[in-house]
Amino acid sequence: MRKIECISVFDMMKVGVGPSSSHTLGPWRAAQRWITELKQKGIFNDVEHIHIDLYGSLSLTGIGHATDIATILGLCGHDPVTMDISIIDAEIEKIRESKKLQLNAEREIDFSIADDVKFNRKFLEFHPNGMTFRARLKNGKKTSSSFYSIGGGFVVKKERKNASNKMKSFLEFPFPIEKATELLAYCKAENKPISEIVLENEKSLRSEEEIDVGLKQIWDVMLESMYIGCHTEGTLPGGLNVKRRSFEMHQRLIGDQQYNSPEEWIKAIRRTEVKFRQILKWVSCFAISVNEVNASLGRVVTAPTNGSAGTVPSVMMYYMVIENHEATFEDMKRFMLVAGEIGSLFKKGATISAAMGGCQAEIGVSSAMAAGGLTELLGGTPEQVLMAAEIAMEHHLGLTCDPIAGLVQVPCIERNAMGAIKAINAAEIALESDATKAKVPLDKVIETMWDTAKDMNSKYKETSEGGLAVKVNLSDC
Ligand code: SF4
């Protein structure tokens, strides 16, 4: 068996708190890792004072992306998957006022949010999303550790890039896949759809029962985020005064249907017998709802990132309530296995970090993931699945990241709806095509995306220094 770096579907789709996987979830996880490091070194109980330095893109859009809040919550021992998100504001306010922080919920130390979190415009060489945690110990000695949030909630340390392949985290998959061509070859040799090949790989990491439990949790969080978004009105936080739109959109679409839970909601939507011209509105409503939840520090699933968290679930929901009223969790499972694998191909061959590749790396990848998942469920061959993913990305190439005021709101929220619609369109085109004669293989579009990412001006890579971010003033809103 060949050795390959392990990227599981659960790496590509993770439960997290908004608004950003690279700027919120990643820094949160980095803070947790640093606490673990302090404990492993046996100096946790000696920490007297802490300082956080945020660099580059984490600094430039860090306030809008709640990077400071995320790191503080991580230091306090909260977990993004389980924390009661309704208490975040109160927790932060308590720390701000008291100037005390409960380190890992175990020890109280002095901590001033104003003085002990520094936003540095400087970029660290290794990656645009760098952060350093520093501590002063009781004996006067100092210790520090730097982490890099490389997109989708993944966090690495510098050593990893310079490490030899032997030092990397490798696992042995029965079907090692780095390129789409390899994935296709396994499908042909085994006469299996993509989801089954991916499932075999996942089974080398955990039992099928664990896979089902994990994917069910992912789907439940996706469904809940759509449900919460569609039933919450008001204005998003951050100062842009962006009105939550999915609430009214949903009210007009659902009419007088009755339901009491997300599961009943699915049946209620099916009963509305969606008319042709309402399809786009429903899909947009689902996508927008997730990203409104994300923008208000709600719980969503990275797919592959928080900023693009609405695209995949909205296309899954499209399949459930419009394409196939008999759809079950088994269908959602197949969708997620395919989507996760497509996302990992982009992570291995290019990037899923907007700070590295602009929005093509977020919405473009999410659209490709959704297009691939949908195509398999609609009966597409593995070639058509890969072709759909390719089409979806091809028409996102060059898409820049320029969030106004550094908030994951404009253009981000609508962009998820556009990514979802393109994904459905890409699936339909692929299903009508002889994908064995595709002019642009998926691997080539991944390479092209990476080349485009490297050529892209850094103004358009999650810095809010170009594009819409500099054309629209907060005071105009
Ligand atoms: S513009 Fe795209 S990449 Fe940038 S923050 Fe918004 S969704 Fe993410």
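## Ligand site, cavities and pocket

Around the ligand stand Gly 307, Ala 354, Cys 359, Glu 362, Cys 401, Asp 402, Cys 412 and Arg 415; a residue counts as near if one of its heavy atoms lies within 4 Å of the molecule. The model is predicted, with local features needing pLDDT of at least 70 and side-chain atom pairs pLDDT 80 or more, while totals for chains, interfaces and linings use all residues. Residues are numbered from 1 along each chain as its sequence is written, and side-chain values use heavy atoms, leaving out hydrogens and water.

By class, the shell around the ligand holds 4 nonpolar, 1 polar and 3 charged residues. Here Ala, Val, Leu, Ile, Met, Phe, Trp, Tyr, Cys and Pro count as nonpolar, Asp, Glu, Lys and Arg as charged, and the others, Gly among them, as polar.

The ligand takes up the space of the largest cavity; a molecule sits in a cavity or pocket if more than half of its atoms lie within 2 Å of its grid points. On a 1 Å grid over the protein atoms alone, a cavity is a set of points where a 1.4 Å probe fits but cannot get out, and a pocket is an open set with protein on both sides within 12 Å along at least five of seven lines; lining residues have an atom within 4 Å of a point. Grid points are joined across faces, edges and corners, and a volume is the space filled by probe spheres set on the points. There are 2 cavities of 30 Å³ or more.

| Space | Volume | Lining by class |
|---|---|---|
| Largest cavity | about 140 Å³ | 8 nonpolar, 4 polar, 4 charged residues |
| Second largest cavity | about 50 Å³ | 5 nonpolar, 2 polar, 3 charged residues |
| Second largest pocket | about 460 Å³ | 13 nonpolar, 5 polar, 2 charged residues |

The largest cavity has 16 lining residues, with Gly 307, Glu 362, Cys 401, Val 408 and Cys 412 nearest its centre. For the second largest cavity, which 10 residues line, Ile 7, Phe 173, Asn 201, Glu 341 and Lys 348 are the closest to the centre. Helix 9 (194-203) gives the most to that lining, with 3 residues; helices are DSSP runs (H or I, at least four residues), numbered from the N terminus.

The protein is divided into domain 1 (21-162) and domain 2 (168-476), with bounds from an automatic or database domain assignment. Each domain supplies at least three residues to the lining of the second largest pocket.

Definitions and conventions. Helices (H or I, at least four residues) and strands (E, at least two) are DSSP runs, numbered from the N terminus.
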